Amino acid sequence: MSAGVELDHVTVRFGDFTAVSGATLDIKGGEFFSFLGPSGCGKTTILRTVSGFLEPSEGKVRIGGKDMAGIGPNRRPTALIFQNLALFPLMTVAENITYGLRVRGIDKDMRAKKADELLELIALPGQGNKQMSELSGGQKQRVAIARALAVQPQVLLLDEPLSALDLKLRQHMRNELRIIQRMVGITFIYITHDQGEALTMSDRIAVMSDGVIQQVADGKTIYDEPATAFVASFVGENNPFAGTVAQADGSSALIETKFGRLRGRNPRGLRAGDKAILFVRPESIRLGAGATDTTLSSAVKSVAFEGNMTHVYLEGVGKKNITISVGRQGTTSIPEQGQVAAISYDAALGLALPEGQLARE
Amino acid sequence: MNSRLIVLVVPFIVIAIFWLMARREAKLSHDPTHKGYFERNGMTLGILFIALVALWTLFLVVLPYLYMVVESFHPQLPPSKRGGPEDVLTLAQYQSFFVQPVGGGLNVTHIGAFVFSIIASIAVTALNFAICYPLAFYMAQSGGAQKVRLLMLALIVPYWVNEILRAFSLRLLLASKGLINQMLMGFGFTDAPIDFLGANVGLYVGLSYAYLLIMVFPLYNAIESLDKNQIEAARDLGAPWWRIHKDVVIPYAKPGIASGCTMVFMLSAGSLAAPQFLGGPRTLWFTSVIYNFFFQNFNWARGSAYAFILLAACIALVMLMLRLFKVSLGETIK
């Protein structure tokens, strides 16, 4: 059974510090939902509030429609997978998996049966008697998932559980997590600072910064239609061009930047005179001139060949470079270092957003 | 051969053992680039180090104990008769613990004192653990840094006070006209003063307090290294607080618990001051018996025999407990 999780104006303070402020969202039952943000953005605080280790200073957490105020983590229908997994080193694999059942007073035979079932699910059949130290990183990962699933939670909370694994294994575990989630059909709430993880696995993502939820949407929307300057700069690579809106209508805006007047879409309804940032992704920029309001030129600082892509870095504003990623479909010749190159983009791929804080590199 | 001659041979054996250990060290190493002891230090320094360590262990550890062992197998003799024909090896001193040398009856007094000391020490250890475990857990896992520092200070500072002074002040507190009895009578809980000291309350309290730190610190060290997430994980899986301690904290801290309990038990079984000042008038602590043999009767032979009986019993008990709780001796000294 799965249950939805509702955050209703949740604010969490530690003394004078506000870790989460006014978080409001509705996670549907059976959804794979991710919180994405840099470290210290408050995403772990949200997770701990949902699991019951923290009480919100203001607002309410509801799981399955039921207010969770005053209900401790041991009595919530949630199970948490810790960043370091927190498996019990002195117990065997099966003892770890069935610990939640043991404290619920379920008898030995039932526990053994459940352990076999879960070991099957995580593809470690017959390994219940192994010690934790005998398992590899990926296997431990799966045992942690099984231990959490054993108590049949309605919501599974995952706190960056893949961050300790190496890249290959991490990518493999992404698929595995998604498969397990579809199989058990319960709500997964996943915390990560890795946008790749969030984009590949989630039904929906909440992007957070400084304790504030910036945008809640599916991965494609987050990437293509970022709602704020922070989301645009944090998710994927992006080239920001700060400036003032010179002209604007309902669909597009012309921004006066250091590189001249540049055009982009205007989904947030900017008006002439507003401070704005125009974002153009590296893969949306091509070498060579186009229309005057989507063309700029700058000196090439360096070129990095990456096999399937070539990244060209041009002189930007201050220390920040303008990055272009050129694929290999065309026969575009790559300019050399020091050369001044003209670059352009489709106006539809430029995005003008109100000025705001950018993600730190 | 005179048994005391063996004592003279021992130094050479000890030096030989150290020398052999130094020689073998290089061979035992799996690393081929590893240099042996003499290669590292040179011959002169190497020999000097061995001699210094050998002297230390010899004169401070091996010889004094060995002398006592040897002494315990000899009859009590005036100095003039030592080494004479009457100075033979004998088990008489050990026998005297069980059977009275004069009269031949069962030595009830001493066996009683022995059994009482062991049982009381076990009780003190248990009491000490019950006090220290929550304290150590609080300091290691839940207390704020500032509070923990204050608590530590509060634990340590009283130990600057002399042990005898501490024992006597406790006696004043618990005496029949002491503060506690005055208060109990003042509030009307009791009409007549309670004989705390006669009931050995003072003894248990005094001994427990004397070895509080020895229990707290091994526990604190063991619990402190436990990952907080383990506790939270158990809680998240639905465990009530007592199960978390039973299933997660105590198994993890077992080596520390064993180490603390072993030390407190050994020290209280061998303590002298607290039982003497705080024990009831009818209480006879086994170490007091030993003390009396040495300093009142000048019967060193019997005193050392008794001391070794106590030592052997304590070691046996500790080993049994370690085995029972499946802790290896190596773990407890980590």
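These questions and answers set some features of a predicted model against their definitions.

Residues are numbered from 1 along each chain as written, and chains are lettered from A in written order. In this predicted model, local features need pLDDT of at least 70, side-chain atom pairs count only at pLDDT 80 or more, and totals for chains, interfaces and linings use all residues.

Q: Why is B:I17 called partly exposed?
A: Buried means under 20% relative accessible area and exposed means over 50%, with partly exposed in between (1.4 Å probe, protein chains only). B:I17 has 46%, so it is partly exposed. B:I17 sits in helix 1 (residues 3–28) of chain B. A helix here is a DSSP run of H or I, at least four residues; a strand is a run of E, at least two.

Q: What makes up the nonpolar patch on the surface?
A: B:L5, B:L8, B:V9, B:I13, B:I17 and B:M21 form it, with about 560 Å² of accessible area together. Patch residues need over 30% relative accessible area and no salt bridge, and nonpolar side chains are joined within 5 Å. A salt bridge is a Lys or Arg side-chain nitrogen within 4 Å of an Asp or Glu carboxyl oxygen.

Q: How do you know that strand 1 and strand 2 of chain A pair?
A: Pairing needs at least two DSSP bridges. Strand 1 (residues 5–14) and strand 2 of chain A have 7 bridges, in the antiparallel sense. A:V5 has A:I27 as its bridge partner, and A:V10 has A:A23.

Q: What makes strand 2 (17–27) of chain A an edge strand?
A: Strand 2 of chain A pairs on one side only. The open sheet has the order 2-1-4-5.

Notes. Heavy atoms only, no water. Patch = residues over 30% accessible without salt bridge, like charges linked within 9 Å, V, L, I, M, F, W, Y side chains within 5 Å. Areas by Shrake-Rupley, 256 points an atom, 1.4 Å probe, with all protein chains shown as cover.
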